[in-house]
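Subject: Structure for you to look at

Dear colleague,

I am passing on the structure we spoke about, and my notes follow below it. Please read them with the structure open beside you.

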Amino acid sequence: MKIRFYGRLADALGRELELEGGGQASVGAIRETLVELHPGAAEALKLSRACVRNAIADDRQMLSAQDDLEFLPPVSGG
């Protein structure tokens, strides 16, 4: 499964990584795995929005190995 990161997440984790593994996993399970692997980016990962198939996805959404997952970091504005 390809996972893409944007903004400060890309700065911390790189623009893309490939997650190996069989079977299905939820967005939340992958988020938690990433937090464990990259504790310095934990806050941004926990606050980021996940997108699957060009749509915002919640942590309960199940993914297959063929899906692409994207994490959009929180932004602030005024």
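In which sense do β4 and β5 pair, and over how many bridges? The pairing of β4 and β5 is antiparallel and extends over 3 bridges; here strands (E, at least two residues) and helices (H or I, at least four) are DSSP runs, numbered from the N terminus, and two strands pair if DSSP finds at least two bridges between them.

Before I go further, please note that this is a predicted model, in which local features need pLDDT of at least 70 and side-chain atom pairs count only at pLDDT 80 or more, while totals for chains, interfaces and linings use all residues. Residues are numbered from 1 along each chain as its sequence is written, and side-chain values use heavy atoms, with hydrogens and water left out.

Going through the pairs, β1 and β2 run antiparallel and are joined by 3 bridges, with Arg 4 opposite Glu 16 in β2. By contrast, β1 runs parallel to β7 (residues 68-72), to which 4 bridges join it, and the bridge partner of Lys 2 in β7 is Asp 68. Between β4 and β7, which run antiparallel, there are 4 bridges. Cys 51 has Glu 70 as its bridge partner in β7 and stands opposite Ile 56 in β5. In the hairpin of β4 and β5, with 2 residues between the strands, Arg 53 takes a positive phi near 50°.

**Phe 5**

Strand β1 has a covered face, made up of Ile 3 and Phe 5, and an uncovered one with Lys 2 and Arg 4. Phe 5 lies in this strand (residues 2-5) and is buried, with a relative accessible area of 1%; buried means under 20%, exposed over 50% and partly exposed in between, using a 1.4 Å probe and protein chains only. Leaving aside neighbours within four places in sequence, Phe 5 is in contact with Ala 10, Leu 13, Gly 14, Arg 15, Leu 17, Leu 34, Leu 45 and Phe 71.

**Glu 70**

Glu 70, in strand β7, is buried yet has no salt bridge, and the nearest side chain of opposite charge, that of Arg 4, is 4.6 Å away. A salt bridge is a side-chain nitrogen of Lys or Arg within 4 Å of a carboxyl oxygen of Asp or Glu; Lys and Arg count as positive and Asp and Glu as negative, whereas His and the chain ends are not counted. The side chains of Glu 70 and Tyr 6 are joined by a polar contact of 2.5 Å, that is, a pair of N or O atoms within 3.5 Å, of which, within protein, one must be able to donate a hydrogen and the other to accept it, and residues adjacent in sequence count only if both atoms are side-chain atoms.

Conventions. Contact means heavy atoms within 4.5 Å.
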